[in-house]
Each structure stands twice: as structure tokens, then as C-alpha cells.
Amino acid sequence: MAFIHVPSKKETAAPMGRGRIGVLLTNLGTPDDTSFGAVRRYLSEFLSDQRVIEANPAIWQPILQGVVLTVRPGRSGKAYKRIWNEEQNESPLRTYTRGQAEQLAGRFHADGVRVSWGMRYGSPSVAEAATELMRDGCDRILFMPLYPQYSATTTATANDQLFRFLMTVRRQPAIRTLPAFADDPVYIRALAETLQLSLSGLSERPQMIVTSFHGLPNEYVAKGDPYREDCERTVMALRAALAMSDEDMPLTFQSRFGPAKWLEPYTAPFVAGLPAKGITRVAIITPGFMADCIETLDELGNELRDEFMAAGGEELTLVPCLNTCPQAIDLLEHLARVELQGWMEF
Ligand SMILES: C=CC1=C(C)c2cc3[nH]c(cc4nc(cc5[nH]c(cc1n2)c(C)c5CCC(=O)O)C(CCC(=O)O)=C4C)c(C)c3C=C
Ligand SMILES: [Fe+2]
Ligand SMILES: [Fe+2]
């Protein structure tokens with residue numbers, strides 16, 4: 001079940017109308033800690049979203065609440081423990097998303113634009129972040145789901161969550177939502193620069209740079225989700241920026257969930273099969289993730305690395321996501337300023 005904090009109409013209505021602009025960054029969300037209960041709560045909210053699992057809830061909910069949420073939270077909890085940010089006692093996705101918001105706020109300080117952040121699932125919620133902006137006098141909000149490639153399972157459900165909250169509000173702010181930015185030149189340049197920086201520290205250049213995007217059921221694409229096309233646009237633009245071929249920089253999809261067919265080729269068997277073809281030094285870049293998370297740090301950085309080495313691999317370099325690097329903040333500022341045109345003059 002999705003629980004969102006719903007402020008009373010009085011709470012949100014009072015300070016509006018001061019003509020401020022707010023920017024609200026959002027990403028997927030993450031458990032509050034690595035315990036079975038916290039991971040179960042997070043997965044239950046996430047996997048009950050009908051944008052994510054389209055199966056009939058009358059059939060899916062007994063499976064989810066029965067088998068899936070009995071087995072998966074323990075396994076995922078162990079994976080979260082391996083990548084946990086112990087210093088701040090939170091998951092990396094939360095650390096990086098907050099960092100992105102704080103640094104973006106610095107870029108907009110002189111313009112008087114407020115920046116906040118909230119998660120689609122878990123905390124802080126999108127409703128809490130929007131409430132904070134509205135209390136601060138923002139009557140225009142730019143909502144930025146941090147997904148470079150559009151999918152109904154990510155971008156659309158984030159937008160749904162904001163508008164669901166606004167259904168409870170008497171005096172709504174004006175809203176703009178950030179479109180996907182799969183081949184935005186500033187995004188592609190940020191990816192190319194972080195890749196080159198990561199490779200510059202290696203004694204030998206990898207024989208192949210594998211791109212790995214989060215997967216999606218084939219059925220969703222067949223029904224009209226443009227996600228695969230968006231991933232292809234990103235990879236084509238990145239290859240062009242780096243003068244690389246599709247053999248040097250293949251496109252793969254990771255993180256399959258459940259028994260259905262998902263977008264192919266699947267990253268893990270593809271990469272684990274490379275040493276048998278004489279490719280023992282690879283780098284993996286994950287352009288679909290704006291911040292490192294369990295899917296990049298553990299699934300690729302731990303699990304796939306072990307598989308690759310066991311199959312005869314010599315070196316696997318996992319290129320960090322954009323996270324809070326200067327190029328990431330330049331990108332967020334660029335995307336926001338484009339969308340804010342007409343609301344503020346530059
Ligand atoms: C049907 C299931 C799933 C779909 C569809 C899906 C799409 C999708 N997800 C992301 C980004 C992230 N997913 C993350 C974690 C994650 N995703 C699924 C399932 C689906 N995702 C699960 C079950 C999990 C939890 C991981 C686990 O339990 O092992 C994350 C990381 C969150 C974190 O806390 O670190 C991200 C980010 C995209 C871009 C996407 C659409 C294509
Ligand atoms: Fe742009
Ligand atoms: Fe996912």
C-alpha cells in the first residue's frame with residue numbers, strides 16, 4: 001500500500017501566493033534501513049504500484065504479500081547492507097539525491113529559487129517535499145523526476161504521485177514536469193566526461209565499454225512504453241560523442257524481476273560470457289541511473305564482478321553514476337533553467 005503524508009488543506013494553503021519558484025527533485029526511493037521490516041515496507045509500496053506491476057492486483061497481491069515479501073526482503077536487505085552509507089546511515093541513493101538537491105540549491109540561491117527533494121516510494125515523500133516548497137511560498141513548482149529515459153514505470157508514476165498529493169490541496173501551485181532527456185547534449189557530455197575520467201585512472205584501456213540500463217518487461221514496450229527507444233537514443237549519442245562503434249559499446253539491460261521476458265540482451269550473461277571470447281577487461285557504464293544505488297553498486301559492482309572474474313575476467317571497471325559530480329550539477333541546472341523559461345528571465 002502507498003502511504004503518503006497528506007497535510008491538511010489549512011496547512012498548505014496559508015503561505016502560498018508569495019510568487020516564489022520551487023524545484024522538486026525526485027528519484028525512486030529506498031528503504032529507511034536494512035532490516036527485514038524496513039525493506040519489506042519499501043518493497044511492498046514499490047511493488048504494489050500498478051504502473052510497475054501491471055498484473056491484476058487480485059492475482060498479484062496474494063503472490064506479493066505471500067511469497068515475494070517473505071523471501072525478497074531478507075535477500076535485498078543483505079545486498080543493501082553491502083552498499084550502505086554507514087557514515088550517514090542511509091542508502092547511497094538517498095545520500096546522492098539529497099546532495100544533488102543541496103548543490104542545485106546553491107546554483108539557484110541568487111535567483112531566489114527554492115530546491116527540495118522527495119522520493120516516489122519511502123521517505124522523504126514527494127508530498128512532504130512539495131509541502132515544504134509550498135510553505136516556503138512557492139506557487140510555481142518544477143517537478144524533476146530524475147530519469148533520463150522515459151518509462152511509465154518511473155517518470156509517469158512519479159508524476160502521478162505529485163498530482164495525487166495535489167488532489168488533497170485547495171490552493172494548488174502551478175506545475176511543470178521535466179521531460180526525459182535521453183539525448184540532451186549536456187547529459188551526453190556529462191556521461192562522456194565521467195567515463196573518460198574513470199578510464200584515465202586505469203593502466204590499460206578496457207577492450208569494451210558495456211552500457212547497462214535497468215530492464216523492463218517486453219510487454220510494456222509492446223504496449224507503447226518508449227523506454228527502449230530512449231535507451232537507444234542515449235547510447236547512439238554517447239557512441240557518437242566518443243567515436244565508438246556498437247561493438248565497442250554495446251547496449252544491455254539489467255535487474256530483471258520475475259519470470260517474464262524483459263528487454264534483451266541481459267547484462268549479466270552478456271558480461272559473464274565475454275572472457276570466453278577473449279575480452280577480459282571491461283568497463284560498465286549505467287547511463288539510466290542518475291545516482292548509484294543497489295542496482296549499480298551491488299548487482300554490477302559486487303555480484304556481476306564476481307561472476308566475471310570467476311569466468312576468467314581480469315578487470316571490471318564500474319563507472320560511477322553522475323551522482324554529485326560537477327557535471328551532474330551542471331546538467332541539473334541546465335535542465336531546470338530550460339524548463340523555467342517564461343517563469344523566470346535569465
Ligand atoms: C517489475 C519490476 C520493476 C520494474 C518495471 C522496474 C523499473 C525500473 N526501475 C528503475 C530504477 C531502480 N530500480 C531500483 C530497484 C528495484 N527495482 C525493482 C523492480 C522493478 N524496477 C526492484 C524489485 C528493486 C529493488 C531492488 C531489490 O530489492 O533488490 C533502484 C534502486 C533503489 C535503491 O534503493 O537503491 C532504482 C534506481 C528504472 C530506471 C526502471 C525503469 C526502466
Ligand atoms: Fe539541453
Ligand atoms: Fe527497478
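How many helices and how many strands are there in the protein chain? There are 12 helices and eight strands, where helices (H or I, at least four residues) and strands (E, at least two) are DSSP runs numbered from the N terminus.

A word on provenance: this is a predicted model, in which local features need pLDDT of at least 70 and side-chain atom pairs count only at pLDDT 80 or more, while totals for chains, interfaces and linings use all residues. Residues are numbered from 1 along each chain as its sequence is written, and chains are lettered from A and ligands numbered from 1 in the order in which they are written.

On overall dimensions, the radius of gyration of the protein chain is 20 Å, which agrees with the value near 20 Å for a compact globule of 346 residues; that radius is taken over C-alpha atoms, and the globule rule is 2.2 Å times the number of residues to the power 0.38. Along the principal axes, the C-alpha atoms fill a box of roughly 65 × 50 × 45 Å.

Turning to the domains, whose bounds come from an automatic or database domain assignment, domain 1 covers 9–181 + 327–339 and domain 2 covers 185–318, with their C-alpha centres 25 Å apart. Between them, 23 residues of domain 1 are in contact with 24 residues of domain 2, contact meaning that C-beta atoms, placed from the backbone, lie within 7 Å. On the side of domain 1 that touches domain 2, the elements giving two or more residues are helices H3 (57–83), H4 (92–108), H6 (152–166) and H12 (326–339), and the largest share, five residues, comes from H12.

Notes:
Contact = placed C-beta atoms within 7 Å.
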